[in-house]
Structure formats: C-alpha cells, structure tokens
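Colleague: I have just opened this one and I'm new to it. Could you walk me through it, please?

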Amino acid sequence: MKRFVRQGFVSGLALSAALIAGAAWAKDDITIAMQLEPPHLDPTSAAAQAIDSVVYVNIFEGLTRFMGDGSIVPALAESWEISEDGTVYTFKLHEGVTFHDGSAMDAEDVKFSLDRARAEDSANAQKALFAGIDSVDVVDPLTVKVTLTEPNGNFLFNMAWGDAVIVAPESIENIKTTPVGTGPYTLGEWVQGDKIVLNRNPGYWGAEPALAQATFKFISDPTAAFAAMMAEDVDVFTGFPAPENLPQFEADPRFQVLVGSTEGETILSTNNKQPPFDNIKVRQAMAHAIDRQAIIDGAMFGYGTPIGTHFAPHNPAYVDLTGNSAYDPDKAKALLAEAGFPDGFETTLHLPPPSYARRGGEIIAAQLAAVGIKAEITNVEWAQWLETVFKGKNFGLTIVSHTEPMDIGIYARPEYYFQYDNPAFQELMTTLNSTTDPDKRTELMQQAQRIISEDYVNGYLFQLAALSVAKAGVQGLWANAPTAATDLSAISWSE
Amino acid sequence: MSRNLILGAGLSSLVVLSALVSFVWTPYDYAALNIPAKLQTPNARHWLGTDHFGRDMFSMIMVGARTSIAVALLAVGIGMSLGVPLGLAAAARKGSWLDELIMRGNDLVFAFPSLVIAILITAVFGAGAVNAIIAIGIFNIPVFARITRGAALSLWEREFIMAARVAGKSAAHISAEHILPNVANLLIVQGTIQFSLGILAEAGLSYVGLGAQPPTPSWGRMLADAQTMVSFAPHLALIPGFAIILTVLGLNLMGDGLRDWLDPRIRVARS
C-alpha cells in the first residue's frame, strides 16, 4: 500500500513537471482551415485564389509583396531605382537568398521568372501584369534591370502579385506538386482532399517566423466549417463561409472574429452582348430594381459594404456612386417601359456555390420579379460556371465576386465574359496604365469608375467582407485581404 | 377499417388538402421576401415563423407540399403507366424473348441505387422539377413491372382465364379485361408506398439542389437552407423535417392499411 502511494506521488510529480514544461513552451504549430483546396501549387499558371492562399509569401516570394494593410513593400528586391522617364527599373536583390532546394536565387532566376510569365505561350493567368515589359536584363548576379515600353505607375504593385513570384528554373517541371520557392516555409506533405502541411524553412534568408509548422485544412461545407471551428479541430478559419454563425463565435470567449475588407466586388454580372441587356435602359432599370441593403442583410447577415461601381471602397480613389443606382422600383418599371418591355422579360440567372451568390440570387430574382423581370435560377458548380458562363459566355445574368485587386481594367477587355465594349473606356485605361503621377492617376481612376457606373455595365452590389474566425490566442492574422494570402510569418500564439 | 388506415388516410389527406388550398390561399405570398422580419420563431402573425429571408414558413410548407405531391404523383404515374403494361406483357408471354428482355431490363435499372442515378440524371440534364420527375419516374417502372408480372403470372393459371382463352380472346384482351382488374388492388397499395418514396426522393434531390429550383419552395431545399442555422433557429429545420416525416408516415400507414383492407383473405378472416 505504501509503495503504491509513493509511486502515485512520484508519477504525479512527473506529470505536473511535464505540464509546467508544456506551458513554458509556446505553441508553435497551427491549423488553418479554408473552403477551397488549391487545384495545384503553382501560382504562376492558374487564377485559383486557393493557390495563393497557401503559397503566397509562405513558399513563394516576388520582388515586392503585399502587406496586410495593402501596402507594397520590398521582398526579394532589397531596393530599386527608377529611371527619370519611368521606364527602367533597376532592382537590387537580397544577398544570400536560396531556394528550398539549396540553389542560390540570383538575377538569372528573376529574368527567367519574368520572361516565363510574359512569354507568348505562358500559362500565366494575369499576363496583363507583364504586358508592359520590353526586356529583362541581368546586370550582375544581384542586380536586374527591367525596361518597360512606357512608364507604368502600377509596376511595383504588379510585381507583388502571386502571379509574379520568382521561381527556380530547375523546378518548373514539377512545380505544381513540388513547389520550390525562396519563402520561409517549405512544402511538407499534401494529402489531396484533406490538407497541406508546411514546415519552417531553416535556411530562410529573412527573420525566422514564430510558427514551426502550419497545416491548411480544406472544409468546403459551411455546416462542417461551423462544427470544426466549434469543436476546436482547427485554430483558424479564413474566409468563413457562413456569416450567420459569426454572432455565436463573437459571443464565445474561446474565439475571436475578424471582419475586414477584401478586394471582392460582388456584382450581378450582365451579358452586355445578349439582348435585351445590350440596351442601357434595361440595365439601368435592373440597377434601380435592386435593393442592395436587403441583399447584404439577407445573404450576408449584414457583412458587406454597398458599392455603386467596380472599385474597392477602402481604396483612397474610390467614389461613392451608389446614388446612380438607388433602389427605386417605380423608376425601374418606367425605364423598362421606355426600353420597350412594359411587361418585363425572361432571362437566366446562373448561381455558383458561395452563399453570397446562392442566397443573393434568390433575393435578386425576387426583386427583379417585382418589376416584371423573370429571372430563372440555375444553380451551378464552379467547373460548370467557368465552362458555361466565364468561357462560354452563354448566360443572361450571374452573381460573382471579382476578388483580384484593382481589376477595373477587365472592363477594357471586350472579349471578357460580360462583354462590355466601350472604346472610350479602353482608351482611358491605356492612358491610366501609362500615367505615373499619383494625382492624375486618381483622377483617371475616378473617371473610369463613373463611366462604368453610368453605363450600368453590371449590377454593383457590395464589397465582400473578409470574415475569419480564430481561437482567442492567435495573433497577427490579416483582418483585411488585399490579395489572397495567409501570411504565416505574421502569425503567432499569445503567451 | 383499421386504425392504421384511418390515421394514415387522415395524415395524407391533411397534406393533400393543404397542397390544394395553397392554390387559392396561403397566409402570405410564399415568395415575398421581407428581410427585416427574418428568422422569427412561430408567433401569432407567422404561425410557423419566418425563414432567413423573412418568408412565411407556413405558406412555404403549404406550397412545398404541392411541389412534393406533384413530383411524386407524376413520378409514380410514369412508373405505373409504363411499368404495368410491361409487366402484363411479360406475364402474357411468359418465358418468351419478350419476357426475358423486359425482366432483364428491369434488373438492369433495379441494380442501380435509385437516388444516386437520379442525381446523375438531374446533374446531366440540368436541375429542376421536371427532370426530378423523370428521374424518379424511371426508377418506378421496374417496381410496377415486377409486381404486375408476379401477380399476373398466378392469375394466368386460373380457370376463368383458361375459359377466356378457350373462348378465343387474345392475350392483350385478357390482360386488359381480366388480369388488370384483379391486380388493381395490389397496384394501389404499391402506388401508395411508391408515392411516399417519391416524396422522400424529391426531398433528397432538392436537398442537394437538384430538385425544384428557387423560388418554388420545396421541403428538401428548406432543410438544406436551414443547415447552418440549426444552432440558433432550429425551427427552420424542424418544420420541413416534420412535414416530410408526417407525410411519409401517413402514406406508409395508409399503404399498410389499404393492403389489409383490400386483401380478400384478411377480410374474410376478419368477418
């Protein structure tokens, strides 16, 4: 009996010692959940945001990078000089940067990456970012000179995109499954359909991040997302899919809720080439038939900022043009009558899976029905949406959030899926791209916002909110989403 | 009449009645959104509360009954109108190549899990009530073909059929005049059961978004919409859930009761 007691005492001591030791070590791993799994891990050959959400500034880095507040700061480029006329950028690279395979990152790699992205046969999803590059020249191993055909006020911003990261030439063949970058994390394992594990890169050139390991879990179902977070199976859920559940997390001291801004302009995309949408009066009528606040409250449970044009409200150059399309069903009916549709018309409304589209679509269909427009709802999966709507342009209306930063330029592409063709706007965009003076740029951007707002190209609904749920002890998460990213280096656990 | 039959018929007619009434009257417009009035629990103004868009749940359940019944009824109709003649033909030509063809075709359709194939059909040909009807209907065909053939085969051995054959009546004639009326009871009972399965199938398809498309209310979609809100607005899921349970229970009880009531042997034994 005595022996048992003593044993119990000793093991109790050992246990409490282990507990104390455990408390002294701060937790250095994290599980981050998101809805969509990346199709592969090469940010330079696909538009999928999910790729950037995993690899951007974790595995791959560019010459410049986005910070959580949207500012652009140096990354692999330590500094740069811009020639007098604004056409030559000379980047000075960081010394001692190595790729995950151990090879050195130098000017040759930068030249390779940029030339690969802008090549004729490049699979880059954002080739426009590189369109103005005339040549890329290696000056010495740590200096690279980029010559533009004309000044481009956006060039450093463009180089910060996930599509412009620097890749290792020898890794290209297997980049989709074995990404080799320069970032603070390396790919550990990828269990398809479940998770991706990243490990801290011991050879990282910059400051050592706090987390040794990060696991990205993919949970697409909103109900499962809620359950996983509530059960604390995951530490963070970025892009939480069910806004209706956020008040419960807010009320629970175990969790914190982060509400920020994204670059996602959520719009009722309208096929401008398909009658009757080729008639501006019809588009204007639809704009007045839509009650944005009802959509924000009904579909997003209040999360979202109304917009009146295709521009992010947190951008300093934003103009509030919601007045152009104020909710006024009587005016909508009058405009429809003027356009020759006194009894309305029938059209289709394709809705991709996110709840902003599915729920928003039901609300919009009801609002359009109130002025006589009968929009037949078809729920589609993303693959089907890309095929029929985005590539096939075979649609009347659809709802989608355009999450690329500063993407008003899509209105200058007449072949883009909503098929808006306005030469005056296209000219304005060309002027904007070659303008470097900030004041002049702001003026041009505002002019562009007004043109598309007054042309009622699409129904402008709201700016998507960035909704994240995290355990109370997680700090350093980006509240806003200036680009798709999960900046692991910034994240740590509070003591 | 048994207690089952009365209870089943009562529940079923309640559902049918509310579906019929919904054509002329619902407390509110089922499609009218009223966002500020969303997520109300049952109260005096909204007897079953309101959903996440502020629509009246009572009105939606009534119109949802209409959707369920229409889809299930038409699907059973397809199954009966194709399955019964096939079964009769197979029985009339027992053992022939026609019998083999029909029955092996049946086996083929039967071998597939019906809901999975229904999902496939609606995914390929597009989501919507019409395709849901066709998909569910196709899987009702072998059910009716088999049951008709089985019952008809035993009838073909009976003396009164022999008499009809001796009298020179054609097989088609005999099937229509003598066989069909004698299998009718069986078909009514099976029809009731298939009807309840049809309601479940419709709810399943619309739960995954392949049934009737919004704004047409459907019980299955109401359940799906309620999924993320169960933790703070459980009535959104409970109400359509109970509607489905009560309807299916009612139809099954009625089917059982009808079988007992219509079965001559049980009737004789009872009297």
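This is a predicted model: local features need pLDDT of at least 70, side-chain atom pairs count only at pLDDT 80 or more; totals for chains, interfaces and linings use all residues.

Colleague: Okay. What does UniProt list for chain A, and what is that span like?

Modeller: The UniProt annotation, from an unreviewed entry, is "domain: Solute-binding protein family", and it covers residues 72-398 of chain A. That span is 26% helix and 25% strand, and its end C-alpha atoms lie 33 Å apart.

Colleague: And how many helices and strands does chain A have?

Modeller: Chain A has 13 helices and 19 strands. Its radius of gyration is 25 Å, close to the 23 Å that the globule rule gives for 495 residues, so chain A is as compact as a globular protein of that length. Taken along the principal axes, the C-alpha atoms of chain A fill a box of roughly 95 × 65 × 40 Å.

Colleague: Now the contact between the two. How many residues does it take from each chain?

Modeller: The contact takes 19 residues from chain A and 16 residues from chain B. The area buried between chain A and chain B is about 1,500 Å², and carbon and sulfur atoms give 59% of that area.

Colleague: Which side chains meet in a salt bridge?

Modeller: The rule finds one salt bridge across the interface of chain A and chain B, and there the side chains of B:Arg55 and A:Glu362 meet at 3.0 Å, N to O. As for polar contacts between chain A and chain B, the count is six residue pairs, with both residues at pLDDT 80 or more.

Colleague: Which parts of chain A supply the side that touches chain B?

Modeller: Four elements of chain A each supply at least two residues of that side, namely α5 (222-230), α8 (292-300), α10 (355-370) and β15 (374-379). Of the elements, α10(A) gives the most to the side of chain A that touches chain B, with four residues. By class, that side of chain A has eight nonpolar, six polar and five charged residues.

Colleague: Changing topic to the backbone, where are the cis peptide bonds that join prolines?

Modeller: In chain A, a cis peptide bond joins A:Pro275 and A:Pro276, with omega about 5°, and A:Pro276 is found in the loop between β12 (255-270) and α7 (280-289) of chain A. In chain B, a cis peptide bond joins B:Pro214 and B:Pro215, with omega about 10°, and the place of B:Pro215 is in the loop between α8 (171-207) and α9 (219-226) of chain B.

Colleague: And what is phi of A:Val57?

Modeller: Phi of A:Val57 is near 55°, which is a positive value in a residue other than glycine. As for its place, A:Val57 is found in the loop between α2 (49-55) and β2 (64-66) of chain A.

Terms used: Residues are numbered from 1 along each chain as its sequence is written. Chains are lettered from A and ligands numbered from 1 in the order in which they are written. Side-chain values use heavy atoms; hydrogens and water are left out. Contact means heavy atoms within 4.5 Å. Buried area is the accessible area (1.4 Å probe) that two parts lose on being put together, summed over both. A salt bridge is a side-chain nitrogen of Lys or Arg within 4 Å of a carboxyl oxygen of Asp or Glu. A polar contact is a pair of N or O atoms within 3.5 Å; within protein, one must be able to donate a hydrogen and the other to accept it, and residues adjacent in sequence count only if both atoms are side-chain atoms. Ala, Val, Leu, Ile, Met, Phe, Trp, Tyr, Cys and Pro count as nonpolar, Asp, Glu, Lys and Arg as charged, and the others, Gly among them, as polar. UniProt positions are given in the numbering used here, feature names are shortened, and annotations may be inferred rather than shown by experiment. The radius of gyration is taken over C-alpha atoms; the globule rule is 2.2 Å times the number of residues to the power 0.38.
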